[in-house]
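Here are my notes on this model, as numbered points. Please read them with the structure open.

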Amino acid sequence: MIPAAPLSMQPRGWQQAWRESVRDPRELLRLVGLEAEADAVPAAALEAFALRVPRGFVARMRPGDPHDPLLRQVLPLADELRSVPGFGLDAVGDAAAKKARGVIHKYEGRALLVATGSCAINCRYCFRRHFPYAEETAAAGGWADAVAAIADDPGITEVILSGGDPLSLATRKLAELTDRLRDIPHVRRLRIHSRLPVVLPERVDDELLDWLRGLPWPVAVVVHANHAREFDASVDAAMAALRGTGASLLNQAVLLAGVNDSADALAELCERGFEAGVLPYYLHQLDRVAGTAHFEVDDARARALHAALVARLPGYLVPRLVRELPGDTSKRAL
Ligand SMILES: *Cc1c(COP(=O)(O)O)cnc(C)c1O
Ligand code: SF4
């Protein structure tokens with residue numbers, strides 16, 4: 001009667017899981033029992049920045065709740081179409097800090113590689129909604145420009161893989177880079193910023209773990225969860241496997257109105273993350289990019305929320321509240 005059962009037991013590759021992501025808002029809303037809301041999704045917002053959500057992430061949404069904090073991060077809203085003064089296109093000034101194709105060297109000692117423009121999920125609050133990163137990636141041309149820029153600057157001690165999402169690249173492609181970085185004596189650390197271990201934990205497969213284990217440097221993986229409910233058993237398992245390679249796990253979150261802008265939600269995020277083996281790193285104020293103003297929390301409230309965390313959590317579970325501004329030499333503490 002149920003011949004598909006053995007098939008569903010087979011581990012699917014992460015690329016397959018990624019390809020099966022939900023792309024249609026109507027389907028997303030049907031899956032969470034909110035089909036009646038589908039007509040409110042504006043075609044123009046969808047056209048400006050497509051919807052994309054892995055099914056495992058959808059499964060963590062609370063059925064029937066239009067204010068679900070996970071749903072709010074991915075569902076296109078009419079609010080995105082408002083033009084708001086101060087919300088522009090290059091909010092963090094990265095265009096000025098470009099050192100080579102896909103290499104941003106803004107902060108001392110650290111070179112950030114825009115490894116790829118792809119992500120497994122499209123987060124509505126993200127600066128990425130405006131950029132055609134595909135032609136600007138460090139991975140293009142076998143990483144040649146990026147490797148040359150890093151080799152030429154003995155001041156670079158840490159290489160940061162960012163994007164887009166660097167773990168949306170095949171592991172073989174990542175290995176191509178690290179094989180070349182091995183020969184550069186001044187590189188001492190590798191950092192990977194990725195939302196995939198949270199939104200598509202299937203990505204943490206044996207091949208990725210083998211690659212991480214074989215790296216010659218200490219590795220930090222900075223994951224990105226904004227709400228405690230983004231963690232479930234599959235994410236816990238992915239984090240445990242990553243930690244098993246010796247990597248340090250940190251979380252960065254963005255402070256988002258309607259998602260995590262309460263002391264309870266933020267404290268629960270930090271505590272739940274720690275249960276998965278992840279320490280809080282940054283709580284970012286939103287980058288002021290067009291189409292995201294409805295997610296903004298003003299600085300006074302952000303400071304009050306942060307003070308509430310300081311009052312109720314151990315110091316090691318309190319993230320640094322920061323904002324990124326053009327021209328700064330580090331993230332700015334609020
Ligand atoms: C955020 C960022 C870094 C890393 O900053 P840390 O404070 O070390 O986490 C490096 N380069 C760029 C361009 C960045 O935006
Ligand atoms: S870069 Fe990060 S925040 Fe932006 S869409 Fe990709 S996963 Fe989401």
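1. Start with the ligand contacts. In this predicted model, a polar side-chain atom of Y281 comes to 2.7 Å from an oxygen atom of ligand 1. For Y282, an N or O atom of the side chain is 2.6 Å from a ligand oxygen. K331 also places a polar side-chain atom 2.9 Å from an oxygen of ligand 1.

2. On its own, ligand 1 has 380 Å² of accessible area, and the protein covers 91% of it. The site is the largest pocket; ligand 1 sits there.

3. Which elements give two or more residues to the shell? They are strand 2 (103-107), strand 3 (110-114) and strand 8 (279-284). Strand 2 contributes the most, with three residues.

4. Now the shell itself. The residues around ligand 1 are I104, K106, Y107, R110, L112, I160, R191, Y281, Y282, E324 and K331. By class, six are nonpolar and five are charged; no polar residue is counted. Tyrosine counts as nonpolar in this scheme, so the class labels should be read alongside the contacts of Y281 and Y282.

5. A separate point concerns D183. D183 lies in the loop that links helix 8 (171-181) to strand 5 (189-193). Is D183 buried or exposed? D183 counts as exposed because its relative accessibility is 65%, and the cut-off for exposed is over 50%.

Key. Residues numbered from 1 in each chain as written. Chains lettered and ligands numbered in written order. Predicted model: local features only at pLDDT ≥ 70, side-chain atom pairs only at ≥ 80, totals over all residues. Heavy atoms only, no water. Near = heavy atom within 4 Å. Polar contact = N/O pair within 3.5 Å; in protein donor to acceptor, adjacent residues only side chain to side chain. Areas by Shrake-Rupley, 256 points an atom, 1.4 Å probe, with all protein chains shown as cover. 1 Å grid on protein atoms, 1.4 Å probe; cavity = no way out; pocket = protein on both sides within 12 Å on 5 of 7 lines; lining within 4 Å. Sits in = over half its atoms within 2 Å of the grid points. Helix = DSSP H or I, 4+ residues; strand = E, 2+ residues; numbered from the N terminus. Buried < 20%, exposed > 50% of the residue type's maximum accessible area, 1.4 Å probe, protein only.
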